[in-house]
Structure formats: C-alpha cells, structure tokens
Amino acid sequence: SGRMTSVLTKIARRIRNVQLAGAFQRWSHNVSKRRRMVSVMSKIALRIKNVEIAGAFQRWSENVSEGRRMGAVMSKIANRIRNVELAGGFQRWSENVSETRRMASVLTKIALRMKNVELAGAVQRWSENAAQSRRMAKVMSKIALRIR
C-alpha cells in the first residue's frame, strides 16, 4: 500500500501542476495584454496636450500599476495554494479567481464612468473658455474701434 500511496501522490502532484500551469499561463497572457495596452495608451498620451486629460491618463496608469500589484499578490496566493491540500486549496483558489474577475469587471466599469465624467467636464470647461475668448475678442475689437 506504500507503493500505491506513492503513485497516488505523484498523480496528485501532476494534476496540481497541470492546473497551476494553466492558471499561470492565463495570468501570463493577461499580463502581456496589459503591457500592450499600457504601451498603446502611452503613445496616445504623448499626443494629448490637455492637462486634465493627461491627469485622467495618469490615474488610469496608476490603476494599471495597482492591477499589476494585484497580479503579483495573486501569484503569491497561487504559490501558497501549492502547499495546501489539493482539492480544498484548489476550490478556494477557484472561488477567489471568480470574485477577482467580478471585481475587476466592476472596477473597469467604474473607471470608465469616472473617465467619461472627467472628459465631459474637460470638454465643458474648454467650451466655456472658448466662448469667453470669443466674447473677450469682441469686447477688445469694440475698444480698439473706439480708441481709433
């Protein structure tokens, strides 16, 4: 029965390693996608001159950094799971991943709403400034005509 226990232990390790490799591969793919997104958004940000929009991009960048930090934390959690009984540990990990995905989806929606609100405010202020500039130009034109 000692041989049977040894064989079962090896099988359990292989199953655990396959499951963890799949989880790591998905995580690695997500990190690659995030890096590409950051690269694309960085190029776009270089072209943006509006200070308020640049501030919104900065906050987005900080959120990406926080996402990376959370990814590192999740990686540590996965490493700890390896030391826990396989079935119970994997179940808890699976529930954690589901909740994290749900939370990430909710946070993404919130971030998009916040970004849209900030952009709308920036456009509104720009529009008000443009109207003010037009009014000032008219007043200056009238003053110039009177001076002549």
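Biologist: So what pattern does the protein follow, read along the sequence?

Modeller: The pattern is α-α-α. There are 3 helices and 0 strands in the protein. Helices (H or I, at least four residues) and strands (E, at least two) are DSSP runs, numbered from the N terminus. Keep in mind that this is a predicted model: local features need pLDDT of at least 70, side-chain atom pairs count only at pLDDT 80 or more, and totals for chains, interfaces and linings use all residues. Residues are numbered from 1 along each chain as its sequence is written, and side-chain values use heavy atoms, with hydrogens and water left out.

Biologist: Fine. How many salt bridges turn up in the whole structure?

Modeller: The search finds 3. A salt bridge here is a side-chain nitrogen of Lys or Arg within 4 Å of a carboxyl oxygen of Asp or Glu.

Biologist: Which residue does E118 pair with?

Modeller: E118 pairs with R59, and their closest N and O atoms are 2.6 Å apart.

Biologist: Is E118 buried, partly exposed or exposed?

Modeller: E118 counts as partly exposed because its relative accessibility is 26%. R59 is partly exposed too, at 37%. The cut-offs are under 20% relative accessible area for buried and over 50% for exposed, with partly exposed in between (1.4 Å probe, protein chains only).

Biologist: What does E99 meet in a salt bridge?

Modeller: E99 meets R102, at 2.8 Å from N to O. The two are 3 residues apart in helix α3, so about one helical turn separates them. R102 is partly exposed with 47% relative accessible area, and E99 is partly exposed with 33%.

Biologist: Switching topic: which residues form the positive surface patch?

Modeller: R134, R135, K138, K142 and R146. Patches are made of residues with over 30% relative accessible area and no salt bridge; like charges are joined within 9 Å, nonpolar side chains (Val, Leu, Ile, Met, Phe, Trp, Tyr) within 5 Å. Lys and Arg count as positive, Asp and Glu as negative, while His and the chain ends are not counted.

Biologist: Where does K142 lie?

Modeller: K142 is in helix α3 (residues 86-147). At 55% relative accessibility, K142 counts as exposed.

Biologist: What about W93, buried or exposed?

Modeller: W93 is buried, because its relative accessible area is 12%. W93 sits in helix α3, and its C-alpha is 7.4 Å from that of A78, 15 residues away along the chain.

Biologist: How much of the protein is buried?

Modeller: Buried residues make up 12% of the 148 residues. The accessible surface comes to about 12,100 Å², with 60% of that belonging to carbon and sulfur atoms. Those areas come from the Shrake-Rupley method with a 1.4 Å probe; for residues, only the protein chains shown count as cover.

How values were computed:
The place of a charge is taken as NZ of Lys, CZ of Arg, CG of Asp or CD of Glu.
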